[in-house]
Amino acid sequence: MDFNLNEEQKLLVETIRSMGERENFKQLAMEIDAKAEFPHHLMKKFADMDLLGMTLSPEYGGGGAPAINAILAIEELAKFSPMIAAPVFESNVGAVRVIDLFGTEEQKRAIIPGVCKGELSVSVCMTEPEAGSDLTSLKTFVVEDGDDLILNGQKVFVTGGGEASHYLVYTRFGDIPGYKGIGGIIVEAGMPGFSFGKQEEFMGLRGMPSCDLIFEDVRVPKKNVVLPAGEFGKLMLTFDIERCGNAAMCLGVAGGALEEAKAYAMERRAFGRPICEFQDVQFMIVDMAMKLEAARLLVYRAACGAGQGLPSVYEASLAKCFANEMVVEVTNAAMLVFGGYGYSKDFPVERMARDAKAWRVAGGTVQMLRITLASFLFGRRFDQRPGR
Ligand SMILES: Cc1cc2nc3c(=O)[nH]c(=O)nc-3n(C[C@H](O)[C@H](O)[C@H](O)COP(=O)(O)OP(=O)(O)OC[C@H]3O[C@@H](n4cnc5c(N)ncnc54)[C@H](O)[C@@H]3O)c2cc1C
């Protein structure tokens with residue numbers, strides 16, 4: 001058991017940290033939030049730094065690095081803002097990993113090099129108006145028509161919706177019920193019959209594109225099937241890498257809030273002393289650090305266990321669940337350390353507390369993760385449907 005980063009990983013973290021300070025990513029984070037605009041200009045910059053697709057296969061332009069390297073990069077960037085970390089997240093732990101692991105040669109050649117250059121991106125499209133936690137009830141479906149599939153249905157809350165070039169759509173094949181009928185296909189932006197709903201207005205993660213996708217008789221070539229019906233398990237296993245990335249976002253946001261709170265506590269004075277001299281303030285900061293460090297161990301363990309492949313479902317679920325709740329507690333505490341200024345948009349912890357709340361839902365709610373964890377602990381499945 002080695003708890004130390006290697007030299008390459010230390011350099012990666014240090015490079016990102018100094019870039020963020022040099023280029024004033026703190027200010028950029030405030031601007032992104034105020035204008036609700038995605039920082040597109042970072043795509044090329046991050047591509048040039050080999051941060052995009054660092055975990056993807058080298059044959060297609062990726063870096064071939066283990067998942068933990070991407071997790072470290074996401075965490076470091078998310079200390080400034082999850083929106084700044086988003087391109088690294090999407091290109092390393094997002095839906096493109098499904099294509100990298102299970103796609104055809106043609107799909108990989110068409111998509112992965114463009115993702116690594118920051119020219120293409122792939123969104124994951126699972127959730128529907130009546131199928132969120134209950135994902136295997138999804139209704140979007142395809143029927144065969146010669147060499148094509150005809151796709152109909154609707155997806156909601158798709159991150160990257162309207163902006164991504166490619167969409168990995170979880171769909172039912174024909175009328176096969178339950179999880180056995182679900183597979184994944186690639187739908188390209190601009191395909192006739194494929195349109196977008198209005199952009200979501202979220203309380204946090206402002207600037208993140210997200211919208212409904214509408215499929216009306218979209219003709220998708222069969223060669224766009226990544227995983228056919230019966231391979232729902234592989235789709236979800238790969239999604240556990242995304243869950244580690246989601247947890248890394250939480251480490252970053254919490255780490256950013258902790259740094260802000262510490263600095264403020266040393267500077268702000270009350271009763272003639274810096275507030276860090278009050279034990280209650282010290283204990284708030286200590287509790288924040290304690291929770292963050294515990295989450296970090298869980299997230300790093302899950303990511304290290306994944307190597308260049310997939311994490312353990314148990315470890316990834318545990319890490320995401322704990323980190324999702326930790327970041328809400330830590331950012332709430334940071335707001336308290338800031339007193340009235342913690343509630344003001346002139347200081348970053350208010351934004352961090354809003355961003356923090358997204359991760360408990362995105363990528364599967366903490367309740368659903370607990371159901372998965374209970375299955376591992378009891379050694380049996382607990383079907384959530386009545387009568388079973
Ligand atoms: C910021 C953000 C980004 C997202 N990005 C994407 C994306 O890129 N692609 C995508 O497909 N989706 C995305 N989503 C959607 C997300 O995956 C779903 O919102 C989530 O899975 C929950 O589904 P739901 O909203 O339908 O809630 P529901 O499933 O309706 O759940 C409502 C509440 O009931 C609880 N609940 C439901 N069933 C049970 C049960 N059996 N036991 C206990 N509690 C239960 C839930 O935990 C939750 O608290 C995103 C969501 C957010 C907020």
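Student: With which residues is Ala67 in contact, leaving aside its neighbours within four places in sequence?

Tutor: Two residues are in contact if their C-beta atoms, placed from the backbone, lie within 7 Å. With those sequence neighbours left aside, Ala67 touches Thr55, Ile241, Cys244, Ala303 and Ala306. The model is predicted, so local features need pLDDT of at least 70 and side-chain atom pairs count only at pLDDT 80 or more, whereas totals for chains, interfaces and linings use all residues. Residues are numbered from 1 along each chain as its sequence is written.

Student: Is Ala67 buried or exposed?

Tutor: A residue is buried if 20 or more other C-beta atoms lie within 10 Å of its own, exposed if 12 or fewer, and partly exposed in between. Ala67 has 26 other C-beta atoms within 10 Å and is therefore buried.

Student: How does one describe two packed helices?

Tutor: One gives the angle between their axes and the distance between the axes. Axes are lines fitted to C-alpha atoms, for helices over the stretch in contact, and angles run from 0 to 180 degrees between N-to-C directions. For H4 and H9, the axes come within 7 Å and cross at roughly 145 degrees. H4 contributes Ala67, Ile68 and Ile71 to this contact, and H9 contributes Val299, Tyr300, Ala303, Cys304 and Ala306. Sorted by class, the contact of H4 with H9 has eight nonpolar, no polar and no charged residues. Here Ala, Val, Leu, Ile, Met, Phe, Trp, Tyr, Cys and Pro count as nonpolar, Asp, Glu, Lys and Arg as charged, and the others, Gly among them, as polar.

Student: Against which helices do the buried residues of H9 pack?

Tutor: They pack against helix H4 (67-78), helix H8 (232-267) and H10. Among the buried residues of H9 are Met288, Leu292, Val299, Tyr300 and Ala303, and also the charged-class residues Lys291 and Arg296.

Student: At what angle do the axes of H9 and H10 cross?

Tutor: Angles under 35 degrees count as roughly parallel, over 145 as roughly antiparallel, 65 to 115 as roughly perpendicular and the rest as oblique. The axes of helix H9 (residues 279-306) and helix H10 (residues 313-337) cross at roughly 160 degrees and come within 9 Å. The two helices are therefore roughly antiparallel to each other. The crossing of H9 past H10 is left-handed, that is, the near helix is turned anticlockwise from the far one by less than a right angle, whereas clockwise would be right-handed. The residues of the contact of H9 with H10 comprise 19 nonpolar, one polar and five charged.

Student: How do H8 and H10 run relative to each other?

Tutor: Their axes come within 8 Å and cross at roughly 25 degrees, which makes H8 roughly parallel to H10. H8 also passes H10 in a left-handed crossing. That contact divides into 20 nonpolar, three polar and four charged residues.

Student: How many residues of H8 and of H10 are buried?

Tutor: H8 is mostly covered, with 27 of its 36 residues buried. H10 is mostly covered as well, with 18 of its 25 residues buried.

Student: Which residue with a positive phi follows H9, and which follows H10?

Tutor: Gly307 follows H9, with phi near 55 degrees. Gly339 follows H10, and its phi is also positive, near 55 degrees.

Student: What is phi in Asp50 and in Phe271?

Tutor: Asp50 is not a glycine, yet its phi is positive, near 60 degrees. It is found in the loop between helix H3 (42-48) and H4, and counts as partly exposed because it has 14 C-beta neighbours inside 10 Å. Phe271, likewise not a glycine, has a positive phi of about 55 degrees. It is located in the loop between strand S9 (269-270) and strand S10 (273-274), and is exposed, with 7 other C-beta atoms within 10 Å.

Terms used. Helix = DSSP H or I, 4+ residues; strand = E, 2+ residues; numbered from the N terminus.
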